[in-house]
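Here are my notes for you, written as numbered points. Keep the structure open while you read and find each residue as it comes up.

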Protein chains: 4
Amino acid sequence: MKLKITQRFLRAAFAIAFTISSALSLADIDLGKNNWQWGKDDVLGAGNLMTAQSIKAALSSIDKGEVVELSHNVTMNAPYINGIQTPYVMTLSRTSKNMEKMLTEHMGATNKVGFYLERIEMTTHVSTHIDALGHVTIAAELYNGLDREDAASDTGLNHNGIDKSPPFIAKGVLIDVAAYKGVDTLKEGYAITPEDLQGALKKQNTKIPEGSIVFVHTGWGKNFTAKPQHYAHTGPGLGLAASKWLASKKVVAIGADNMALEVTPGEDPNVIFPVHQHLLVKQGIYIVENVKTDELAEKKLYESTIVMLPTKYQGATGTPLRIIALH
Amino acid sequence: MKLKITQRFLRAAFAIAFTISSALSLADIDLGKNNWQWGKDDVLGAGNLMTAQSIKAALSSIDKGEVVELSHNVTMNAPYINGIQTPYVMTLSRTSKNMEKMLTEHMGATNKVGFYLERIEMTTHVSTHIDALGHVTIAAELYNGLDREDAASDTGLNHNGIDKSPPFIAKGVLIDVAAYKGVDTLKEGYAITPEDLQGALKKQNTKIPEGSIVFVHTGWGKNFTAKPQHYAHTGPGLGLAASKWLASKKVVAIGADNMALEVTPGEDPNVIFPVHQHLLVKQGIYIVENVKTDELAEKKLYESTIVMLPTKYQGATGTPLRIIALH
Amino acid sequence: MKLKITQRFLRAAFAIAFTISSALSLADIDLGKNNWQWGKDDVLGAGNLMTAQSIKAALSSIDKGEVVELSHNVTMNAPYINGIQTPYVMTLSRTSKNMEKMLTEHMGATNKVGFYLERIEMTTHVSTHIDALGHVTIAAELYNGLDREDAASDTGLNHNGIDKSPPFIAKGVLIDVAAYKGVDTLKEGYAITPEDLQGALKKQNTKIPEGSIVFVHTGWGKNFTAKPQHYAHTGPGLGLAASKWLASKKVVAIGADNMALEVTPGEDPNVIFPVHQHLLVKQGIYIVENVKTDELAEKKLYESTIVMLPTKYQGATGTPLRIIALH
Amino acid sequence: MKLKITQRFLRAAFAIAFTISSALSLADIDLGKNNWQWGKDDVLGAGNLMTAQSIKAALSSIDKGEVVELSHNVTMNAPYINGIQTPYVMTLSRTSKNMEKMLTEHMGATNKVGFYLERIEMTTHVSTHIDALGHVTIAAELYNGLDREDAASDTGLNHNGIDKSPPFIAKGVLIDVAAYKGVDTLKEGYAITPEDLQGALKKQNTKIPEGSIVFVHTGWGKNFTAKPQHYAHTGPGLGLAASKWLASKKVVAIGADNMALEVTPGEDPNVIFPVHQHLLVKQGIYIVENVKTDELAEKKLYESTIVMLPTKYQGATGTPLRIIALH
């Protein structure tokens with residue numbers, strides 16, 4: 001299996017290697033230093049930017065009370081990275097007819113009660129989801145300088161699990177880079193630049209407030225349901241410089257309508273998931289993936305209030321969740 | 001296994017049979033009739049009571065922007081009904097060290113990138129969760145007259161799954177029945193009556209607005225972590241009359257700090273889960289279980305704004321979720 | 001997902017429809033009649049043909065005590081029918097280092113003991129496996145006239161599960177149809193005929209003793225590891241007439257080096273898995289799939305003694321197993 | 001969860017500490033030295049003792065061809081070590097009626113074909129099973145000096161997995177220690193001594209041939225189904241000295257009718273699973289657990305031929321299996 005992965009990645013890697021002129025330099029990644037900006041015991045990361053005041057302000061800016069949904073369903077057709085992520089499986093484990101029979105015959109129930117239950121096998125990075133700060137490491141280091149020897153047991157992260165994340169209520173900004181570039185969908189392998197973001201924001205006449213949540217619309221999301229395997233293994237997305245520029249705006253979370261937020265394959269074929277390393281490990285900024293941004297883009301709702309409430313799977317590296325934009 | 005369940009239930013059933021004078025009559029359950037109040041194609045049930053206007057009103061009533069959390073963590077220690085529900089299992093499936101090695105050796109990564117992933121096996125009725133309208137049946141009938149022959153495939157509910165539920169933003173009411181009764185915790189097997197609810201509301205000086213979400217505090221929740229198996233198989237909770245009275249107030253969802261919302265074992269030992277049948281199937285009112293109500297009770301925050309965003313597991317009978325109260 | 005499956009099957013179906021002249025007639029399938037040949041309470045089916053005498057005879061015919069292995073490993077790369085079968089997943093759930101730490105720190109262990117455990121998610125029809133008699137139905141009817149309303153609960157088959165199967169020790173016959181046809185591998189969609197089997201047996205100078213286990217070598221097995229998805233969804237295999245001819249020889253079990261024993265897609269595109277229906281439901285003959293027959297074929301070991309010991313997963317529809325040929 | 005385990009173990013540990021006079025000394029465990037007796041690349045361990053000649057001899061000693069079954073069913077009621085092993089779960093994932101409908105409506109099937117499939121979640125140490133040599137470590141060391149840094153990936157053992165084990169066909173010896181002691185069942189916590197084994201063998205007039213498989217009957221197995229949780233967490237079993245004496249007889253595998261082969265809790269409360277360390281890591285002798293020895297004991301079948309064919313789950317730490325004794 002490893003060989004297959006290698007070949008796929010190498011093929012993609014070589015393709016991209018010839019199309020970009022200046023590869024990412026190792027210096028850009030800034031391995032192994034933590035900024036400890038919220039103190040050495042912090043577990044919230046950029047979640048610290050949300051306060052009662054900021055929440056109140058975000059909620060007060062809602063005009064009509066209308067909701068736009070930003071999540072895909074979680075289904076067995078959902079994209080997953082073959083050989084790394086495990087596929088999502090859901091089947092019914094208890095069914096109405098059999099349960100009615102059992103409750104009637106074995107427990108004397110007279111009220112004809114039946115019910116359904118299901119069994120789910122999943123990794124939390126299925127469909128629209130948020131990454132916990134502890135999802136990724138730079139060598140042995142997790143967010144805030146935790147060492148991997150202490151950070152995890154066999155049954156989950158001891159620190160930095162998704163159960164430690166705050167509820168998210170913040171002003172939301174949609175940056176429609178596809179519209180800025182005049183296309184429906186950015187091309188696979190296209191690395192969004194700071195200039196793209198700045199240009200799109202200017203075109204939209206939108207600003208990024210401190211403490212906000214930013215979603216980038218690439219158009220790639222239309223492949224989520226239509227071509228899940230293609231969607232999962234490639235796509236346009238943030239370049240490292242763009243992620244750094246967004247981080248400099250002091251945002252709480254960044255998401256996009258693609259599998260990995262960042263461009264896949266990466267700008268430098270030998271630098272894998274640098275945006276994850278920069279945002280999660282260095283900056284404590286949450287990453288949101290497979291965001292269904294199409295309705296916001298279509299309605300040109302560039303500013304809204306975002307609510308995301310990560311389910312508290314203890315020690316998990318993320319959680320599927322339902323994101324809404326209120327306006 | 002069935003025998004063991006039978007014995008446990010029978011034992012509990014006999015115990016309760018001698019302590020209550022008037023058992024539930026079959027007429028109270030009103031089998032087999034649907035009220036179709038929101039039209040025959042409706043999938044939202046009481047979710048129809050939430051509108052942009054009601055959402056705007058609920059959000060506008062928030063004073064400070066402070067958040068109270070109403071969800072337990074999802075853990076392998078979570079209570080489950082033995083022999084019916086499957087236990088929750090989470091283990092890490094990908095670990096930083098092994099992934100760094102693999103990405104470095106097989107994909108040529110130079111940026112020392114590692115990551116963690118997990119595998120979860122679960123039923124959605126784990127920890128704090130919401131029931132989909134299709135979770136329960138009265139004989140072959142689901143919410144809104146759906147027949148079970150058409151309602152489900154092997155891979156989930158075709159209708160009435162949790163993916164069909166709305167996002168919940170509504171005024172919230174906490175009814176502290178334990179405080180009204182002058183106890184820390186109601187006794188197991190205690191069936192809350194309409195008079196209990198009315199008395200507690202009067203004591204609190206609280207009203208139940210149409211379209212609100214009601215949580216009942218029984219005090220039983222303190223056993224959630226301390227004695228999960230005891231917590232799962234018995235407890236105080238709503239009697240059928242109390243659930244009917246709440247339904248008459250046109251609420252959107254009802255929850256409590258116990259395993260099944262309703263009293264366990266039931267008022268009549270031969271009538272199992274009648275409150276589920278009444279609320280989900282007849283009324284289309286959502287049930288929320290294992291709600292962590294202690295902080296609201298302690299702070300006497302009887303009125304707040306509740307936000308619940310059910311993850312859209314397609315065709316699932318519920319979902320664990322993170323509930324917040326804003327005030 | 002259903003649509004996708006339909007299209008794939010229809011495409012295959014149309015392809016085959018134009019290449020065969022005489023489609024399977026419905027009369028050939030003989031729906032809904034059971035032969036009850038071993039009595040109405042029988043659960044063993046053709047397993048009844050194995051007796052202490054036949055076992056003793058089979059073992060006595062072993063010459064050297066040498067073993068040839070007939071099973072593939074069970075791996076995450078194993079073929080599965082997309083959308084019907086669930087993929088096999090295995091990850092370590094307990095690891096030596098973490099367990100040593102836990103046992104030392106929390107239980108006072110002084111002997112530096114660590115261990116590994118794994119979690120497996122699977123259907124039993126993964127890799128080399130045997131089908132239970134209850135795996136397949138003709139309409140509502142299982143082997144020996146059982147009705148599906150009684151035959152299964154939510155947690156498995158009540159009757160005809162693999163736990164009811166006998167241990168298999170019997171004379172084994174390899175029929176190398178590929179060699180008979182002068183090819184390495186029969187073509188996908190090729191339906192093996194009775195004449196093919198008879199011709200190959202004559203060429204090999206082999207007979208099929210009553211009570212034996214027959215494995216057919218098609219050469220398709222070389223795709224098991226190399227092209228698992230291709231292997232899973234098509235292949236040469238038994239036609240219905242060939243399976244009937246083998247059944248007439250009173251064999252205990254029939255297997256092949258392909259996904260479904262029978263040809264895929266089927267001889268008649270509108271008749272799906274008729275060989276399964278004939279062998280399992282009508283004849284009580286066990287089906288063995290993904291048999292690794294290459295070494296037997298290469299060594300021309302057409303006669304041997306086969307041992308298969310199905311793991312007794314209670315109520316399961318089959319089990320992966322390790323098959324050996326002794327000679 | 002860890003605290004709960006600690007307390008249970010400590011309670012048991014203290015109980016036993018006062019009832020034994022001479023605790024195990026650390027010197028007995030002989031940490032960290034490997035004997036490399038079958039060469040440094042060996043993966044078979046004591047499996048090397050089985051040859052074509054020994055297999056032929058074992059099979060030739062079978063008198064009647066009769067089979068005694070030595071395996072329990074694998075069920076959801078099976079014992080497991082709470083908090084360490086994950087529970088076994090099996091539910092049907094595909095059902096005849098739904099599949100018939102799907103195959104008929106979406107694929108045009110005219111032959112009324114339905115089928116059942118199941119999903120299993122398990123660890124391989126469920127019910128009657130065999131341990132792979134790589135299951136246990138002494139500090140970082142696995143069988144034959146492998147270091148745990150190289151021995152495992154996230155998806156299983158790279159070496160010493162159960163797929164590397166041989167098929168087992170060998171002379172079998174049952175040692176009925178319960179009968180020797182004149183009891184139905186040895187008491188929980190009773191550590192079987194070399195003298196017990198020798199005495200029982202003498203009483204039975206049985207010898208242990210080199211290369212044989214030894215099963216010890218303690219009588220504890222009657223609790224397997226009746227009291228699975230009690231069965232799992234305590235029991236009589238081999239003391240370390242007894243396991244060393246058996247190893248000196250050059251046996252291939254050792255099993256018993258209990259959870260861990262060795263006595264639980266252990267002879268020394270601070271030395272956990274020393275018999276596993278000695279047999280698997282030092283000696284390369286396979287351990288078989290939850291063996292259903294009652295029928296052999298009842299029939300006084302002290303000598304037989306044992307067949308065990310471990311399913312080749314790649315990289316797994318063991319496998320449930322069906323064991324038979326032929327005589």
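1. Chain A has 11 helices and 17 strands; helices (H or I, at least four residues) and strands (E, at least two) are DSSP runs, numbered from the N terminus. Of its 327 residues, 64% count as buried. Buried means under 20% relative accessible area, exposed over 50%, and partly exposed in between, with a 1.4 Å probe and protein chains only.

2. A word on where this comes from: it is a predicted model, where local features need pLDDT of at least 70 and side-chain atom pairs count only at pLDDT 80 or more, while totals for chains, interfaces and linings use all residues. Residues are numbered from 1 along each chain as its sequence is written, chains are lettered from A and ligands numbered from 1 in the order in which they are written, and side-chain values use heavy atoms, with hydrogens and water left out.

3. Now look at where chain B meets chain A. Here 103 residues of chain B are in contact with 104 residues of chain A. The area buried between them is about 8,600 Å², with carbon and sulfur atoms giving 58%; buried area is the accessible area (1.4 Å probe) that two parts lose on being put together, summed over both. There are 8 salt bridges between chain B and chain A, a salt bridge being a side-chain nitrogen of Lys or Arg within 4 Å of a carboxyl oxygen of Asp or Glu. B:Lys312 makes one with A:Glu69, with the closest N and O atoms 3.7 Å apart. On the side of chain B that touches chain A, helix H3 (residues 96-107) gives the most, with 8 residues.

4. Next, chain D against chain C. That contact takes 103 residues from chain D and 104 residues from chain C, and the buried area is about 8,600 Å². D:Met107, D:Tyr116 and D:Arg322 lose the most area in chain D, together 9% of what that side buries. C:Lys312 and D:Glu69 form a salt bridge, their closest N and O atoms being 3.7 Å apart. The largest share of chain D's side comes from its helix H3 (residues 96-107), with 8 residues. By class, that side has 51 nonpolar, 33 polar and 19 charged residues. For these classes, Ala, Val, Leu, Ile, Met, Phe, Trp, Tyr, Cys and Pro count as nonpolar, Asp, Glu, Lys and Arg as charged, and the others, Gly among them, as polar.

5. Which residue does D:Glu121 pair with in a salt bridge? The partner is C:Arg119, with the closest N and O atoms 2.8 Å apart. The pair crosses between chains, from strand S4 of chain D to strand S4 (residues 117-122) of chain C. D:Glu121 counts as buried because its relative accessible area is 0%, and C:Arg119 is buried at 0% too.

6. (Lys and Arg count as positive and Asp and Glu as negative; His and the chain ends are not counted.) What D:Glu118 does have is a side-chain polar contact of 2.8 Å with C:Thr124. A polar contact is a pair of N or O atoms within 3.5 Å; within protein, one must be able to donate a hydrogen and the other to accept it, and residues adjacent in sequence count only if both atoms are side-chain atoms. The backbone nitrogen of C:Thr317 also lies 2.5 Å from a polar atom of the D:Glu118 side chain.

7. Compare that with a pair in chain A. The side chains of A:Glu295 and A:Lys299 meet in a salt bridge (2.7 Å, N to O). A:Glu295 counts as partly exposed because its relative accessibility is 27%, and A:Lys299 is partly exposed at 48%.

8. Last stop, chain C. C:Asp268 sits in the loop between strand S13 (253-256) and helix H10 (274-283), and counts as buried because its relative accessibility is 11%. The backbone nitrogen of C:Asn270 lies 2.8 Å from a polar atom of the C:Asp268 side chain. In helix H6 (residues 194-204) of chain C, the buried residues include C:Leu197 and C:Leu201. Just after that helix, C:Asn205 takes a positive phi of about 60 degrees.

Definitions and conventions:
Contact means heavy atoms within 4.5 Å.
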